[in-house]
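Reader: I would like to learn how to read a strand and its surroundings in a model such as this one. Could you take me through it step by step?

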Amino acid sequence: MTGPERAMIRAEGLAKTFVLHTQGGAEIPVFRNVSLTVHAGEVVALHGPSGAGKSTLLRTLYANYRPDAGRVMVRHGEAEDDWVDLASAPPRAALALRRRTLGHVSQFLRVIPRVPTLDVVAEPLVALGEEVGAARARAGALLSRLNIPERLWPLAPATFSGGEQQRVNVARGFVAPRPILLLDEPTASLDLANRDIVVALIAEACAAGAALVGIFHDPAVREALDARLFTLTARDTCS
Ligand SMILES: Nc1ncnc2c1ncn2[C@@H]1O[C@H](COP(=O)(O)OP(=O)(O)O)[C@@H](O)[C@H]1O
Ligand SMILES: [Mg+2]
């Protein structure tokens, strides 16, 4: 079953406050009591002004941040009751979950020095056991589709333009099919033509049954994806 009724990720009562230990323990409450369920084949857009906590929520869903309260239940495996609480999972379980189930496209590419672009993109497939040649072929196809010229593939992306790095990041995020995808402004620094290609990739993943949670500043992108809005209001979110 891949219909819209199949819940894939379920945040329950999440709360996050940052404590700045280097600044006298100052506390920055970001959100509390956030609950959100995303189904297969659905796009949810985190919405709200800058500083509302959208990126923090997305990183909490990915277990980059541990919430102060609440759970991040992720469907992991085929059985109806195969759910893992990512927020309390041990690191090894969280990594396995990311490899197979939960993809994340960060706002900025974290460049690994000296690794060629083609391998940066192919790596998630290789980590899943795909043969290197086949993984590179798939990575190359995706880079071509995203208009990254072949002469750049052997180079590390450190010197690429912002828009090129973002497209490499998107390619890396989409190269392995994952049932849940988290996207932090994947089209922010792209021209319209490339924006539309990324929108098409997202729509295809969604049509294939993925559950997507994203931050999309461009209203045209939210509209094209028929995204359901999940609104965060600064400092105090219940929804
Ligand atoms: N790692 C961090 N440490 C301390 N404060 C943070 C950190 N990340 C974000 N914040 C603070 O949390 C709030 C929400 O930030 P963020 O989630 O980036 O908002 P948005 O993505 O909606 O613009 C902001 O006030 C920001 O300064
Ligand atoms: Mg942000």
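Author: Two terms come before anything else: buried means under 20% relative accessible area, exposed over 50%, and partly exposed in between, with a 1.4 Å probe and protein chains only. Helices (H or I, at least four residues) and strands (E, at least two) are DSSP runs, numbered from the N terminus. This is a predicted model, in which local features need pLDDT of at least 70, side-chain atom pairs count only at pLDDT 80 or more, and totals for chains, interfaces and linings use all residues. Residues are numbered from 1 along each chain as its sequence is written, chains are lettered from A and ligands numbered from 1 in the order in which they are written, and side-chain values use heavy atoms, with hydrogens and water left out.

Reader: Which way do the side chains of strand β6 point?

Author: In a regular strand the side chains alternate between the two faces of the sheet. In β6 (residues 102-105), L102 and H104 point one way while G103 and V105 point the other way, and all are buried.

Reader: In which sense do β6 and β7 pair?

Author: Two strands pair if DSSP finds at least two bridges between them. Strand β7 (residues 180-184) pairs with β6 in the parallel sense over four bridges, and H104 stands opposite L182 in β7.

Reader: Is N169 buried or exposed?

Author: N169, which lies in helix α5 (residues 162-174), is buried because its relative accessible area is 6%. Taking contact as heavy atoms within 4.5 Å, and not counting residues up to four places away in sequence, N169 touches V105, S106, Q107, F108 and L109.
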